[in-house]
Amino acid sequence: MARKIVFVTKDKGGYEVSFPLAEELKRRGNEISIMAEGVSVAQWGAAGYTVDFVGSFDFQREPYAVDVKAELTRLGAELVISTMGSPINLEAKCGQAANELGIPLVIMEDVWGTSRRMPCSADMAFTLDSYGENLMRELPRFQKTEIIIMGNAALNSFQVPSVMKAHMELLRAKFGTVVMFAGEGDGTTELLALTLLSLDASGQPYAFIPRFHPKYLDIPQNRALWEGVVAEFFMKTTRGIVYTGFDASTDSRALAAMADVTVSGSSTALLYAAKHGRAAVSISTALTRRLLGEQVAYDKYPGIKLGIAVELNMPCDLIALARDAAPVIRRNAEHVFRSIPIDEVADSVLSLV
């Protein structure tokens, strides 16, 4: 029997983890509706979906009003599937409305601990691993939730385009080690500075690919600051180049999967790097620990503890650090990344209705 299912998303990671499920449910003949804000709006559109409710790109700078109960009723929602972006907004409102309307709610994590942003209970939750499950179980509101370890659907289904593989091999042969930097939010300037200082300490040739989070890069002062830091650094160094051969639409997942080293605080790009056998370097400083602690239940990237990332907390030889860590990360990645077929995920959520 076909069901009316509403997906609610905000950020890129949330879209990527929920899209494969939407595709599978649609393939089975269910009616899929989308309520979205932020970066995810354009991504659903590019994938051929009509976004039935569109919020603003940045609700903090462009607040908007929405009667979520009325929207869910208008869409005839029989099931709500929500991700949990940062900072959370529409997803939380829809989760609470689903609870109040008696509509089953499913939540999907794209990184550990994002369920803590959801202020209400859920009937079912999908998380990455036992670490994510334990974080969720600590909260009273999820004691009756059916929690399923599924890994990351987007991560497990992702294939690097062959043209990207060829391009990156040429880049590596020409410039040496390829380093991708994945920016985040308020802590990006500190992450970037520590990355560049550690590259400078390596004394080896490299190509540097900076990727800043589109949500934060959209703020003009951020763009000016971060691009200025990169430009100033590369005016002074002769060892490396900042590579601008990829445009803004180039998939950052593919870059992380193919770069020799991916550096960030806790970006999902680190997962793609580790999954594909590359070095994932997580920067941990007093600032990043505070920022993480404000959002989730940990103050250091869990991939470090799981052995799929190496920690960087002071300037050092970044390339040597990554080279030594890569074999260990590859071994650990073989058993850390769990995957269950998307058709089983679909069976689980449909059991709620």
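**Labels and their cut-offs**

Q: Why is C316 called partly exposed?
A: C316 has a relative accessible area of 26%. Buried means under 20%, exposed means over 50%, and partly exposed is what lies in between (1.4 Å probe, protein chains only), so C316 counts as partly exposed.

Q: What sort of model is this, and how are the residues numbered?
A: The model is predicted, so local features need pLDDT of at least 70 and side-chain atom pairs count only at pLDDT 80 or more, while totals for chains, interfaces and linings use all residues. Numbering runs from 1 along each chain as its sequence is written, and side-chain values use heavy atoms, with hydrogens and water left out.

Q: How do you know that C120 is in no disulfide?
A: A disulfide is a pair of cysteine sulfur atoms within 2.5 Å. The search of the whole structure finds 0 disulfides, and for C120 the nearest cysteine sulfur, that of C94, is 10.0 Å away.

Q: Is C120 buried or exposed, and why?
A: C120 is buried, because its relative accessibility is 6%.

Q: What makes A166 partly exposed, and where does it lie?
A: The relative accessible area of A166 is 44%, so the label is partly exposed. A166 belongs to helix α7 (residues 162–175); helices (H or I, at least four residues) and strands (E, at least two) are DSSP runs, numbered from the N terminus. A166 and A122 are 44 residues apart in sequence and 44 Å apart in space, C-alpha to C-alpha.

**Rings**

Q: Why is the pair of Y15 and W44 called edge-to-face?
A: Rings of Phe, Tyr and Trp (its six-membered ring) pair if their centres lie within 6.5 Å; planes under 30 degrees apart count as stacked, over 60 as edge-to-face and the rest as tilted. Y15 and W44 sit 4.9 Å centre to centre with 90° between the planes, which puts them in the edge-to-face class. Y15 is in helix α1 and W44 in helix α2, so the pair ties together parts 29 residues apart in sequence.

Q: What makes Y15 and W44 count as buried?
A: Relative accessibility is 9% for Y15, so it counts as buried. W44 has a relative accessible area of 0% and is buried too.

Q: And why is the pair of F53 and Y64 tilted?
A: The ring centres of F53 and Y64 are 6.0 Å apart and the planes are at 45°, so the pair is tilted. F53 is in strand β3 (residues 53–54) and Y64 in the loop between β3 and α3 (68–74), 11 residues apart. Both F53 and Y64 are buried.

Q: How many aromatic pairs does the search find, and which residues form one aromatic cluster?
A: The whole structure has 18 aromatic pairs. One aromatic cluster is formed by F181, Y206, F208, F212, W226, F233 and F234.

Q: What makes K26 count as lying over the face of Y49?
A: A charge sits over a ring if NZ of Lys or CZ of Arg is within 6 Å of the ring centre and within 35 degrees of the ring normal. K26 lies at 4.3 Å from the ring centre of Y49, over its face.

Q: What lines the largest cavity?
A: The largest cavity has a volume of about 80 Å³, and its lining includes W112, D129, N152 and R338.

Q: Which residues line the second largest cavity?
A: Among them are G13, E16, V17 and Y272. This second largest cavity holds about 30 Å³ of space, and α1 gives the largest share of its lining, 3 residues.

Q: What about the second largest pocket: which residues are closest to its centre?
A: The second largest pocket has a volume of about 240 Å³. Of its 13 lining residues, Y15, E16, F19, D251 and R253 are closest to the centre. The largest share of the lining, 5 residues, comes from α1.

Note on methods. On a 1 Å grid over the protein atoms alone, a cavity is a set of points where a 1.4 Å probe fits but cannot get out, and a pocket is an open set with protein on both sides within 12 Å along at least five of seven lines; lining residues have an atom within 4 Å of a point. Grid points are joined across faces, edges and corners, and a volume is the space filled by probe spheres set on the points.
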